[in-house]
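Have the model open and click along.

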Amino acid sequence: MLPNMQTDVTGRQLIKLVSETGKLPSDFDTTRQQALNRKMTQDEIVEYHVVINTVSDPEKRTRLLNEWIPKPHVLYHVSANGNIAEFTPMPSPRTKEESDTVFAGTTKAVCSMFGIKSAEIKSGSYDGGKTQTVIVGNPKEFLDNDHGGFLYTLPTESFGVNPNLGLGLSEWTSTKPVKPNNVEHFDSSIQFMLNSGVKIIPANAEIMRKLRDPSVDDLSVLKDLTPIKTIDELKAIAGI
């Protein structure tokens with residue numbers, strides 16, 4: 001039985017409950033939601049998001065999303081520019097109807113995937129946000145475009161989330177300008193991805209063609225492919 005919500009519940013207990021039942025406690029009101037959100041760690045919040053994403057029953061998942069989405073304590077943004085004093089909302093690449101937006105991710109892994117611009121990549125999660133994957137169709141171009149970058153830590157007050165757009169609960173947006181709390185430089189975007197736990201999978205033109213075909217199950221294509229462990233592996237594949 002779940003302990004008294006007002007005093008004893010932990011993020012870990014709630015994650016277990018929702019994972020097992022697909023339901024929140026009936027007495028989990030707004031006050032208790034806010035109190036628990038403050039007590040949960042960033043990792044617990046991200047794990048709760050993953051649990052919701054992996055609920056197999058669409059009705060249960062929708063109900064959970066409507067009842068409560070805990071807000072992260074920090075958000076991250078990667079940029080090639082290390083001198084941004086304030087992020088200004090820009091036109092959204094997700095839909096034309098969406099307002100100008102500042103984008104941020106719930107983990108460093110999510111943000112790291114945006115560190116290299118290339119038409120020959122496909123990125124996202126295949127396990128509800130637990131891990132992130134980047135499939136690289138042109139390893140040489142990917143390496144050539146790796147110029148490092150900057151990781152910004154952002155406050156979360158003005159951010160909200162649409163679980164049905166983009167990267168879902170992993171991707172939060174603000175329609176207001178956002179001043180970062182901190183910025184860190186990294187020399188290699190690829191190494192930053194690897195350090196953050198991103199699976200980088202080299203591919204070829206035929207594999208990329210299949211992955212762009214909406215009738216093809218991505219997992220059936222990826223099951224026999226192996227992520228790299230080091231940049232040197234990718235260089236060898238690229239012939240560098």
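Helices here are DSSP runs of H or I with at least four residues, numbered from the N terminus. With that in hand, helix 3 turns out to give the most to the lining of the second largest pocket, with 4 residues. Keep in mind that this is a predicted model.

**Pockets**

- The largest pocket comes in at about 580 Å³.
- Of the 22 residues around the largest pocket, H77, P93, F103, F114 and K117 lie nearest its centre.
- Which elements each supply at least two residues to the lining of the largest pocket? They are strand 1 (75–79), strand 2 (102–105) and helix 5 (108–112), and strand 2 gives the most, with 4 residues.
- Sorted by class, the lining of the largest pocket has 13 nonpolar, 6 polar and 3 charged residues.
- The second largest pocket has a volume of about 290 Å³, and helix 3 and helix 5 are the elements that give two or more residues to its lining.
- That second pocket is lined by 15 residues, with V46, V50, G129, K130 and T131 nearest its centre.
- Its lining splits into 3 nonpolar, 7 polar and 5 charged residues.

**The enclosed space**

- Searching the whole structure turns up 1 cavity of 30 Å³ or more, and the largest cavity holds about 60 Å³ of space.
- Helix 3 (residues 42–53) shows up again here: it gives the most to the lining of the largest cavity, with 4 residues.
- The lining of the largest cavity includes V46, H49, V50 and N53, along with T106, T107 and V110.
- How many charged residues are in that lining? There are none; the cavity is lined by 4 nonpolar and 8 polar residues.

**Strand 5 and its neighbours**

- Strand 5 (residues 149–154) is largely enclosed by the rest of the structure, because 5 of its 6 residues are buried.
- Strand 5 pairs with strand 1 in the antiparallel sense, over 5 bridges; one place to look is Y76, whose bridge partner in strand 5 is T153.
- Strand 5 also pairs with strand 7 (residues 182–186), antiparallel and over 5 bridges, and there G149 has F186 as its bridge partner.

**Aromatic rings**

- The structure has 4 aromatic pairs.
- F28 and W68 make an edge-to-face pair, 5.0 Å centre to centre with 90° between the planes.
- F28 sits in the loop between helix 1 (11–21) and helix 2 (30–39), and W68 in the loop between helix 4 (58–67) and strand 1, so their pair ties together parts 40 residues apart in sequence.
- Are the two partners buried or exposed? F28 is buried, at 7% relative accessible area, and W68 is buried too, at 6%.
- F186, the bridge partner of G149, also takes part in a ring pair with F192: the centres are 4.4 Å apart and the planes at 20°, so this pair is stacked.
- F186 and F192 are both buried.
- Ring pairs also join F28, Y48 and W68 into a cluster.

**Salt bridges**

- There are 10 salt bridges in the structure.
- R12 and E47 form one of them, at 2.8 Å from N to O; R12 belongs to helix 1 and E47 to helix 3, so the pair ties together parts 35 residues apart in sequence.
- The side chains of E120 and R212 meet at 3.8 Å, N to O. E120 is in the loop between helix 5 and strand 3 (121–124) and R212 in the loop between helix 8 (205–211) and helix 9 (218–222), so the pair ties together parts 92 residues apart in sequence.
- E120 counts as partly exposed at 28% relative accessibility, as does R212 at 46%.
- D144 and K140 form a salt bridge of 2.9 Å, N to O. They are 4 residues apart in helix 6 (residues 139–144), so about one helical turn separates them.
- D144 is partly exposed at 40% relative accessible area, and K140 is partly exposed at 41%.
- R94, E98 and E171 are linked in a salt-bridge network.

How values were computed. Residues are numbered from 1 along each chain as its sequence is written. This is a predicted model: local features need pLDDT of at least 70, side-chain atom pairs count only at pLDDT 80 or more; totals for chains, interfaces and linings use all residues. Side-chain values use heavy atoms; hydrogens and water are left out. On a 1 Å grid over the protein atoms alone, a cavity is a set of points where a 1.4 Å probe fits but cannot get out, and a pocket is an open set with protein on both sides within 12 Å along at least five of seven lines; lining residues have an atom within 4 Å of a point. Grid points are joined across faces, edges and corners, and a volume is the space filled by probe spheres set on the points. Ala, Val, Leu, Ile, Met, Phe, Trp, Tyr, Cys and Pro count as nonpolar, Asp, Glu, Lys and Arg as charged, and the others, Gly among them, as polar. Buried means under 20% relative accessible area, exposed over 50%, partly exposed in between (1.4 Å probe, protein chains only). Two strands pair if DSSP finds at least two bridges between them. Rings of Phe, Tyr and Trp (its six-membered ring) pair if their centres lie within 6.5 Å; planes under 30 degrees apart count as stacked, over 60 as edge-to-face and the rest as tilted. A salt bridge is a side-chain nitrogen of Lys or Arg within 4 Å of a carboxyl oxygen of Asp or Glu.
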